[in-house]
Amino acid sequence: MNQIGDFLGKPWWQGISVVLTVAGLLLAMIQLRKKKLGYFIQFSESVFAEDLGLTDQLSIFYQDAVVKSLRVASIKFKNYGFLPIRSDDFHEAIEIKLNGSLSILDCQVKALNPTNLKLRYSIDDQSILIEPTLLNSKDMFLVKIIYDGEDADIKPTCRIVGVNRMKDLDSVRQATRSLAAITVIAIIALYALLSWAFFSTPDGYGLQVLGCLALLGAVTYISIYRDRIFSDL
């Protein structure tokens with residue numbers, strides 16, 4: 001234990017510790033100062049079970065209009081950052097584009113948090129346009145779309161000052177879990193390395209340390225360079 005204390009007490013190590021601490025604080029401040037708007041597609045499915053073969057035997061009407069394949073989609077939007085997004089931050093309205101052979105029949109926009117959130121929208125061809133409004137931190141609203149046609153490829157987009165892109169909240173959660181896993185493995189690898197360097201360890205312990213470092217490297221490569229987790233945070 002004294003050996004570790006002597007090692008950590010060296011001036012050059014203290015300097016590295018200060019640099020790492022400052023870098024960590026700067027990264028945290030950058031994350032706190034970023035505006036973040038995300039969406040989550042809860043479902044997009046047919047109103048009737050197509051696998052039962054019922055749609056060919058039914059005449060489907062919606063508001064007195066005959067439809068071929070009635071479908072509904074539900075998308076949740078949330079300001080998951082710590083900064084508010086003001087209405088004048090919007091360069092363009094939030095657009096929910098439904099790609100495919102379909103036509104939008106109706107749409108409902110419901111405020112979730114707070115319930116008095118003012119939301120206005122319009123239907124433009126195969127898109128829903130949500131007009132700019134104030135979205136404070138943790139504000140949420142839900143958009144339900146009823147449409148006729150094939151299963152839609154849903155693409156929400158927007159242009160907001162300080163927001164590089166609107167992110168899929170499911171990807172954000174996966175990125176957070178991956179980052180937490182990397183942090184835990186990094187702590188284990190560092191502890192194993194220090195134990196190997198300063199304490200009496202069993203034979204073959206060095207291979208265990210190398211195994212921990214190799215595992216850390218593999219997880220880091222898979223999570224960052226392939227999944228790009230930091231771009232999803």
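This is a predicted model: local features need pLDDT of at least 70, side-chain atom pairs count only at pLDDT 80 or more; totals for chains, interfaces and linings use all residues.

Me: Why is the pair of Tyr39 and Phe77 called tilted?
Reply: Its planes are 45° apart. Stacked needs under 30 degrees and edge-to-face over 60, so an angle between these counts as tilted. The centres lie 6.5 Å apart, and the limit for a pair is within 6.5 Å. Tyr39 is in strand β1 (residues 38-46) and Phe77 in strand β4, 38 residues apart.

Me: Why is the pair of Phe77 and Phe141 called stacked?
Reply: The angle between the planes is 10°, and under 30 degrees counts as stacked. The centres are 5.1 Å apart. Phe77 belongs to strand β4 and Phe141 to strand β9, so the pair ties together parts 64 residues apart in sequence. Both Phe77 and Phe141 are buried.

Me: What links Tyr39, Phe77 and Phe141 into a cluster?
Reply: Ring pairs do. The structure holds two aromatic pairs: Tyr39 with Phe77, and Phe77 with Phe141.

Me: How do you know that Lys138 lies over the face of Phe82?
Reply: Lys138 is at 5.3 Å from the ring centre, and the limit is within 6 Å. The test also asks for a position within 35 degrees of the ring normal. Arg173 lies over the face of Phe40 in the corresponding way, at 5.2 Å from the ring centre.

Me: What makes the largest nonpolar core a core, and which residues have the most contacts inside it?
Reply: A core is a set of buried nonpolar residues joined through side-chain atoms within 4.5 Å. The largest has 29 residues, and those with the most contacts inside it are Phe77, Ile94, Ile96, Leu98, Phe141 and Ile145. β4 (70-78), β5 (90-99), β6 (102-113), β8 (127-130), β9 (140-149) and β10 (153-160) each supply at least two of its residues. Apart from it lies another core of six residues, among them Ile60, Val67, Leu70 and Val72.

Me: Which residues is Ile145 in contact with, leaving aside neighbours within four places in sequence?
Reply: Among them are Arg71, Val72, Ile96, Leu98, Asp106 and Ile128.

How values were computed:
Residues are numbered from 1 along each chain as its sequence is written. Side-chain values use heavy atoms; hydrogens and water are left out. Buried means under 20% relative accessible area, exposed over 50%, partly exposed in between (1.4 Å probe, protein chains only). Helices (H or I, at least four residues) and strands (E, at least two) are DSSP runs, numbered from the N terminus. Contact means heavy atoms within 4.5 Å. Rings of Phe, Tyr and Trp (its six-membered ring) pair if their centres lie within 6.5 Å; planes under 30 degrees apart count as stacked, over 60 as edge-to-face and the rest as tilted.
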